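Welcome! Have the sequence and the 3D view open side by side, and let's walk through this protein together, one topic at a time.

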Amino acid sequence: MKPIKKNNEQIYRAIIRECSVCRDEYELIYHPIHSDQRYCGQECHMKVRQAHKGMRDHAILTVLKERGSLTSLQISNILSGCKLRTSNRTIGNILRLWKARGIVTAERRSFKKPYTYKYISELFPGELVLKYAKA
Ligand SMILES: [Zn+2]
């Protein structure tokens with residue numbers, strides 16, 4: 001997240017986000033490490049970390065929710081810049097499971113084309129990861 005530049009001055013505009021786990025609102029911190037955070041605080045972050053494959057599924061679902069329809073290759077490319085590097089094929093397998101749960105849709109124009117996934121759930125990625133971790 002970069003500050004907005006206006007008349008050569010850096011202006012920091014408060015950005016309010018809703019926590020992916022508990023939906024509490026929090027102000028985004030301008031910080032190289034924390035600017036991509038999706039949680040209100042450590043407690044919610046830890047809940048996702050402690051879920052089986054929680055961080056991986058959370059990252060994939062968050063990309064899909066925030067960027068719209070994507071193929072597994074596009075998601076893989078977006079995630080390649082972060083620690084959660086996951087192959088195109090693995091993402092396809094994970095999203096097949098989330099499709100079976102009714103969280104995403106998968107469509108393709110023909111047999112030879114890759115699936116395009118779309119996030120259709122009303123729930124947030126953090127809520128989903130925790131819900132299905134307990135099941
Ligand atoms: Zn929270």
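Helices H1 and H2 are roughly perpendicular to each other, because an angle from 65 to 115 degrees counts as such and theirs is about 110°. Keep in mind as you explore that this is a predicted model. The protein chain has 135 residues, and 25% of them are buried.

**How H1 meets H2**

- The axes of H1 and H2 lie 6 Å apart where the two helices pack.
- On the H1 side, the residues that meet H2 are Val48, Arg49 and Gln50.
- Their counterparts in H2 are Gly54, Met55 and His58.
- Lysine 53 sits in the loop between these two helices, H1 and H2.
- Is lysine 53 buried or exposed? Lysine 53 counts as exposed, since it has 11 C-beta neighbours inside 10 Å, and 12 or fewer is the cut-off for that label.
- Although lysine 53 and valine 129 are 76 residues apart in sequence, their C-alpha atoms are 8.7 Å apart in space.

**The overall plan**

- The secondary structure of the chain consists of 5 helices and 7 strands.
- Among contacts with a separation of 6 or more, 46% link residues 24 or more positions apart.

**The nonpolar core**

- The largest nonpolar core is made of 23 residues.
- Which residues have the most contacts inside this core? They are Ile60, Leu64 and Val104.
- Several elements each supply at least two residues of the core: helix H1 (42-50), helix H2 (54-67), helix H4 (88-100), strand S7 (116-119) and helix H5 (125-134).
- H2 gives the most to the core, with 5 residues.
- Isoleucine 60 touches Ile75, Ile91, Ile94 and Leu95, if you set aside its neighbours within four places in sequence.

**The sheet and the helices on it**

- Three strands form an open sheet in the order S5-S7-S6, and their pairing is antiparallel.
- Strand S5 (70-71) and strand S6 (104-107) stand at the edges; each has a single partner strand, so one side of each has no neighbour in the sheet.
- S6 and S7 run antiparallel and are joined by 4 bridges.
- To find this pairing in the 3D view, look for valine 104, which stands opposite tyrosine 119 in S7.
- H2 packs on the sheet and touches S5, S6 and S7, with its direction at about 85° to that of S7.
- H4 lies across S6 and S7, and it runs at about 115° to S6.

**H2 and its other helix partners**

- Two packed helices are described by the angle between their axes and the distance between the axes.
- For H2 and helix H3 (residues 72-79), the axes come within 10 Å and cross at roughly 110°.
- That angle makes H2 roughly perpendicular to H3.
- The crossing of H2 and H3 is right-handed.
- Ala59, Ile60, Val63 and Leu64 of H2 make this contact with Ile75, Ile78 and Leu79 of H3.
- How do things look for H2 and H5, and at what angle do they cross? Their axes come within 9 Å and cross at roughly 140°.
- H2 is therefore oblique to H5.
- The crossing of H2 and H5 is right-handed.
- From H2, the residues making the contact are Gly54, Asp57, His58, Leu61, Thr62 and Lys65.
- From H5, they are Pro125, Gly126, Leu128, Val129 and Ala133.

**A stop at glutamate 25**

- Where is glutamate 25? Glutamate 25 belongs to strand S4 (residues 25-27).
- Glutamate 25 is exposed, because 9 other C-beta atoms lie within 10 Å, and the limit for an exposed residue is 12 or fewer.
- Ile16 and Glu18 are in contact with glutamate 25, leaving aside its neighbours within four places in sequence.
- Glutamate 25 and tyrosine 39 are 14 residues apart in sequence, and their C-alpha atoms are 9.2 Å apart in space.

Definitions and conventions
Residues numbered from 1 in each chain as written. Predicted model: local features only at pLDDT ≥ 70, side-chain atom pairs only at ≥ 80, totals over all residues. Buried ≥ 20, exposed ≤ 12 C-beta atoms within 10 Å, placed from the backbone. Contact = placed C-beta atoms within 7 Å. Core = buried A, V, L, I, M, F, W, Y, C linked by C-beta atoms within 7 Å. Pairing = 2+ DSSP bridges. Axes fitted to C-alpha atoms, helices over the stretch in contact; angles between N-to-C directions. Parallel < 35°, antiparallel > 145°, perpendicular 65-115°, else oblique. Left-handed = near helix turned anticlockwise from the far one by under 90°.
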